[in-house]
Amino acid sequence: MREVSAVCSGPLAIVRLGTCGISAAGASPGTLMIASKGSSYVYRNYVHWDGQWPMTAGKEATPSGATEDPYLITLPVPCSAELSDALAKCAKEVGVSSVYKGLNACGESFYSCQGREEADFEDRNTWMNARLDDLGVDFIEMESHQIFHLAKCRKMPTYTAACAIGLVHRRTGTANVTAEMLKEMERTAGKACLEALVQFKMDA
């Protein structure tokens, strides 16, 4: 985003295509998940683990364990509703067989911040999956939130949408997308992303 902004001084429209794990009960592997409800970010609260230097001189440092939460989850950053709607419409027009619009979450890491438990590490995340379900998260990956966040912070109009091909259902363990299926979905979904950008009208 920053690199593109450095060479494009005006408004931008950006659509991300990636892969994800599905949490929504109403979606299955092979579904194109669209972040129409925005994206939350899940990240490790390093102050909980490591403590914190004070931001101003003369104050005491915060010791490790002084903050309660080992992880933090942001409120959702919205996408561009118009661009996201165009993406869903174009996905259906180009033949994507299953489209699901919902809430995305992005993990800072692939393991602890996405609720994966490992015996070799003390991650304190046994509650993570249940909490993400409580918040209504439909699919999880690692990149879309940053795009939405930077679009929010950019000083020129920036319109964003994001979608991801569901490869596995995180709750049932179902994973039946073959390499050939994924290649075809990447082609079809990629075409939908490009068509959405062509059809979308930015404010000058």
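Leaving aside its neighbours within four places in sequence, with which residues is Ser80 in contact?

**View 1. Ser80 and its contacts in the predicted model.** Ser80 is in contact with Tyr159, Thr160 and Phe200, once its neighbours within four places in sequence are left aside, where contact means heavy atoms within 4.5 Å. Ser80 lies in the loop between strand S4 (71-73) and H3, helices (H or I, at least four residues) and strands (E, at least two) being DSSP runs numbered from the N terminus. At 9% relative accessibility Ser80 counts as buried, a term that stands for under 20% relative accessible area, with exposed meaning over 50% and partly exposed in between (1.4 Å probe, protein chains only). This is a predicted model, in which local features need pLDDT of at least 70 and side-chain atom pairs count only at pLDDT 80 or more, while totals for chains, interfaces and linings use all residues. Residues are numbered from 1 along each chain as its sequence is written, and side-chain values use heavy atoms, with hydrogens and water left out.

**View 2. The protein chain as a whole.** The secondary structure of the protein chain comes to 6 helices and 8 strands, which follow one another along the sequence in the pattern α-β-β-β-α-β-α-β-β-α-β-α-β-α. Taken along the principal axes, the box filled by the C-alpha atoms of the protein chain is roughly 60 × 45 × 25 Å. Of its 204 residues, 42% count as buried, and among contacts between residues at least 6 apart in sequence, 81% join residues at least 24 apart.

**View 3. Cys90 in helix H3.** Cys90 lies in helix H3 (residues 81-93) and is buried, with a relative accessible area of 1%. Not counting residues up to four places away in sequence, Cys90 touches Ala192, Glu195, Ala196 and Gln199. Cys90 and Met202 are 112 residues apart in sequence, and their C-alpha atoms are 17 Å apart in space.

**View 4. Asn45 in the loop between S3 and H2.** Asn45 is found in the loop between strand S3 (39-44) and helix H2 (46-50), and at 10% relative accessibility Asn45 counts as buried. When residues up to four places away in sequence are not counted, Asn45 touches Thr67, Asp69, Pro70, Tyr71 and Leu72.

View 5. A search of the whole structure finds 4 aromatic pairs; one of them is formed by Tyr41 and Tyr43, which are stacked at 5.7 Å centre to centre with 25 degrees between the planes. Rings of Phe, Tyr and Trp (its six-membered ring) pair if their centres lie within 6.5 Å, and planes under 30 degrees apart count as stacked, over 60 as edge-to-face and the rest as tilted. Tyr41 is partly exposed, with a relative accessible area of 22%, and Tyr43 is also partly exposed, at 28% relative accessibility. Arg44 lies over the face of Trp49, at 4.1 Å from the ring centre, and Arg116 lies over the face of Phe110, at 3.9 Å from the ring centre; a charge sits over a ring if NZ of Lys or CZ of Arg is within 6 Å of the ring centre and within 35 degrees of the ring normal.

**View 6. The buried residues of helix H5.** In helix H5 (residues 144-153), the residues Ser144, His145, Phe148, Leu150 and Ala151 are buried. The buried residues of H5 pack against helix H1 (2-7) and also against S3 and the strands S1 (12-22), S6 (103-107), S7 (137-141) and S8 (158-169).
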